[in-house]
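I opened my notebook to record what I looked up in this structure. My entries follow in the order I made them.

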Amino acid sequence: MKSLDKLASLFRRLPGVGPKQAERFSLYAVKASEGEIEDLVEALRAVKSSVKYCAECCNYSEENLCAVCANPSRDQTIICVVEHPQDVAAIEKTKTFNGVYHVLHGAISPTEGITPGAIKLKELTDRIKASDGAVKEMIIATNPDTEGEAMAIYLTRLLTKYVHRITRIAYGVPLGGDIDYLDEVTLGYALRGRTKI
Ligand SMILES: [Zn+2]
């Protein structure tokens with residue numbers, strides 16, 4: 001059926017949705033009440049119209065400043081740089097970080113055609129330069145893959161003059177995980193990031 005196929009092909013554009021799941025979502029739409037469909041459409045529209053970038057850290061926010069940047073008890077002199085908004089959520093869940101963030105929305109990747117201009121890099125350099133030496137530490141928490149590593153080196157070279165201390169997070173050994181199941185990059189980080197016990 002044309003309308004079902006069309007809907008399934010739209011669902012397939014969603015991240016992580018395979019053909020089976022797209023089909024199930026489409027069949028849900030057939031069974032759902034008019035009200036449920038309205039709610040879904042309304043929620044999609046609301047997200048699109050009200051969510052924008054935080055003026056400070058470029059995370060998604062409904063206000064000019066996100067909840068972290070607007071919180072006066074957060075330490076504005078420590079900036080943790082991440083690739084994606086979901087990385088902020090993951091770090092916030094650990095409840096171990098009281099600084100602020102900067103969300104790049106990606107990492108430079110020549111193979112995927114992601115240039116420095118395609119991510120929120122200028123916003124970060126402008127922010128750090130404008131702080132006039134007030135930023136004590138920049139923690140680079142980009143992904144431990146090729147792009148994330150290259151991004152960390154790039155950021156360090158770019159901003160070393162403007163920040164007192166630049167650090168890279170240590171990727172720890174997952175609790176309950178076996179050391180031999182870790183790939184070498186993860187394990188290398190875990191070793192380098194070790195702390196005295
Ligand atoms: Zn913010």
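**Entry 1: the sheet.** I looked up the strands in this predicted model. Four strands make an open sheet, and their order is E4-E3-E5-E6. The pairing is parallel. Which strands sit at the edges? I noted strand E4 (99-103) and strand E6 (165-168), and each of them pairs on one side only.

Entry 2: I picked E3 and E5 next. How many bridges join strand E3 to strand E5? I found four. E3 covers residues 75-82, E5 covers residues 137-140, and the two run parallel. I also noted one facing pair: Cys-80 stands opposite Ile-139 in E5.

**Entry 3: two helices.** I turned to H1 (residues 2-11) and H2 (residues 19-31). They pack at an angle of about 130 degrees. Their axes are 8 Å apart. Which residues make the contact? From H1 I listed Leu-4, Leu-7, Ala-8 and Phe-11. From H2 I listed Ala-22, Glu-23, Phe-25, Ser-26 and Ala-29. I sorted the residues of this contact by type: seven are nonpolar, one is polar and one is charged.

**Entry 4: the domains.** The protein chain has domain 1 (2-50) and domain 2 (72-192). How far apart are the C-alpha centres of domain 1 and domain 2? I wrote down 34 Å.

Terms used:
Residues are numbered from 1 along each chain as its sequence is written. This is a predicted model: local features need pLDDT of at least 70, side-chain atom pairs count only at pLDDT 80 or more; totals for chains, interfaces and linings use all residues. Two strands pair if DSSP finds at least two bridges between them. Domain bounds come from an automatic or database domain assignment. Axes are lines fitted to C-alpha atoms, for helices over the stretch in contact, and angles run from 0 to 180 degrees between N-to-C directions. Two residues are in contact if their C-beta atoms, placed from the backbone, lie within 7 Å. Ala, Val, Leu, Ile, Met, Phe, Trp, Tyr, Cys and Pro count as nonpolar, Asp, Glu, Lys and Arg as charged, and the others, Gly among them, as polar.
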